[in-house]
Amino acid sequence: MRVLVTGGAGFIGSHFAKRLQRAGEEVVVLDKLTYSGNPANLEGTGIELVVGDICDPQAVERAAKGCEAIVNFAAETHVDRSILGATDFGRTEFVGTQTLLELVRKIDVRYVQVSTDEVYGDLEAGGSSRENDPLAPSSPYSVAKAAADLHIPAYVRTFGVQACITRGSNTYGPNQYPEKLIPLFSTNALDGQPLPLYGDGKQIRDWLYVEDHCAGVEAVLRRGRAGEIYNIGGGHEVENIEIAERIIELTGADPKLLQHVDDRPGHDRRYSLSSEKAKEELGWGPVVSFAGGIEQTVAWYQANRAWWESIKSGEHYRAYYERQYAERLAGAE
Ligand code: NAD
Ligand code: TYD
C-alpha cells in the first residue's frame, strides 16, 4: 500500500511514517515544515518528503498521486500558542482538512483524521469520554480540531468516502518539539533551567506513549469502519506535578527548578478517555507503562542533545519562550 502521511515531519507523524515503512508499506510525507516540522525526524529513512501545505489543493493532489490512503497528522498543535494567536490553527485544521477531503471524494482513497481527546473538553467532574459524547472544546486549539472533525461525518454521509477519526490522548516520546510539558521540562531540567508549572500543577492528562498512539492509528487505517470515531487513550492519568517531580528525579536536577507560575487561561483540569471501542473492534490497547515510557523518553532527550539544542538555540524558539514564560517566571513562586 502507498500511503500519504500529512504532517509526517512532526512528532507523531514521523513515528507513524517510520512504523508504516517498517511494516513494508510505501510512505510519502507532505509537510509544510512549520516551526515544529523537522526533516531530521525522517533522516536516514529514505521516506519521500514533499514540502507543501495541506490547504493547497494542487500540492495535495500531487503528493497523493498513486496513494491508496491518506492519514492526516498536519495541524498547529500547541494550546499555549493558540492562546497567543489562533489564525493559523483555524486555517490548517479547518481549511486543510476540507482540502484533503475534497481530494478524497475525487480519487476514492481511505482517509484517517488524527484528532485529540481535547475536543471533549474538561472532565473535572469525573468519568471518561466516549466517542459519541458532545464536543465541548475550550481552547482555540481544541476548537479548531473539533471544527476539522465535523467535516468527516459530513463527507462520509454526503459522498460515501471511507473516512475515520482517531482521538488520541496526550502523547509523549522521542522527537517531540520542546514546547509541550514532557519535552520542555526534560530539556529544561537537563539544562538547569526552571520548570514552569502552571497553577497548582494538579491538572490531569491521560498519557499515551507515541508508539502506542501510532499503533492505534494504524489499526484504524487498516480495520476502522467508515464514519466511525475511535478513542486512543493511554489509560495513565497523571497529575502534571507528579510528572515534573519524576523528570527531576530521572535527570538528577535541582528540585528548586520546579516553579509554580501563573496558570494558562481557560486551563482544562482533566482529560480522560474510554478506549473500549478500539479494544473491542480493533483489538488495540496501549502496551507501554507510564513508568517505562517516561524513563525511555527522558533517556532519549539525554542522549540526543544535538536534536533539541538546535531547536532551542534558534531565534523562533527563543522569541516564543520569552513571550510565553519571561513574565510568568519573573513572578514565580
Ligand atoms: P507537531 O506539531 O509535532 O507536528 C505537526 C506537523 O504538521 C509538523 O510537521 C508541521 O510542519 C505540519 N504542518 C502544520 N501545518 C501544516 C500545513 N498547513 N500543511 C502541511 N503540514 C503542516 O504535532 P504532533 O504532536 O505530532 O501532532 C500531530 C497530530 O496529532 C495533530 O493533528 C495533533 O492535533 C494530533 N494529536 C497530538 C497529540 C499530542 O499530545 N501531541 C495528542 C492527540 C492528537
Ligand atoms: P501540553 O503538553 O501543552 O499539552 P495539552 O495542553 O495539549 O494538554 O500541557 C500538558 C499539561 O501541562 C497541561 O495541563 C498544561 C501543563 N503545562 C505546564 O504546567 N507548564 C508548561 O510549561 C506547559 C507547556 C504545560
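How many nonpolar, polar and charged residues does the shell around ligand 1 have? In this predicted model, the shell has ten nonpolar, 16 polar and four charged residues.

**Figure 1. The residues around ligand 1.** The shell comprises 30 residues, of which I12, D31, S36, Y141 and K145 come nearest to the ligand. Strand β5 gives the most to this shell, with three residues. The elements that supply two or more residues are helix α1 (11-22), strand β5 (110-116) and helix α5 (140-159).

**Figure 2. Polar contacts of ligand 1 with K32, T34 and Y141.** The backbone of K32 places a polar atom 3.1 Å from a nitrogen atom of ligand 1. At T34, a polar backbone atom is 3.0 Å from an oxygen atom of the ligand. Y141 instead contributes a polar side-chain atom, 2.7 Å from a ligand oxygen atom. The protein buries 97% of the 830 Å² that ligand 1 exposes when taken alone.

**Figure 3. The largest nonpolar core.** This core holds 66 residues, and the members that touch the most others are V5, F16, V71, F73, I243 and F290. Helix α7 (residues 210-223) is the greatest contributor to the core, giving seven residues. In soluble globular proteins, nonpolar side chains tend to be buried together.

**Figure 4. The surroundings of V71.** Leaving aside residues up to four places away in sequence, V71 touches V3, L4, V5, T6 and F16, as well as V112, V114, V217 and L221.

Technical notes: Residues are numbered from 1 along each chain as its sequence is written. Chains are lettered from A and ligands numbered from 1 in the order in which they are written. This is a predicted model: local features need pLDDT of at least 70, side-chain atom pairs count only at pLDDT 80 or more; totals for chains, interfaces and linings use all residues. Side-chain values use heavy atoms; hydrogens and water are left out. A nonpolar core is a set of buried Ala, Val, Leu, Ile, Met, Phe, Trp, Tyr and Cys residues joined through side-chain atoms within 4.5 Å. Buried means under 20% relative accessible area, exposed over 50%, partly exposed in between (1.4 Å probe, protein chains only). Helices (H or I, at least four residues) and strands (E, at least two) are DSSP runs, numbered from the N terminus. Contact means heavy atoms within 4.5 Å. A residue is near a molecule or strand if one of its heavy atoms lies within 4 Å of it. A polar contact is a pair of N or O atoms within 3.5 Å; within protein, one must be able to donate a hydrogen and the other to accept it, and residues adjacent in sequence count only if both atoms are side-chain atoms. Accessible areas come from the Shrake-Rupley method with a 1.4 Å probe; for residues, only the protein chains shown count as cover. Ala, Val, Leu, Ile, Met, Phe, Trp, Tyr, Cys and Pro count as nonpolar, Asp, Glu, Lys and Arg as charged, and the others, Gly among them, as polar.
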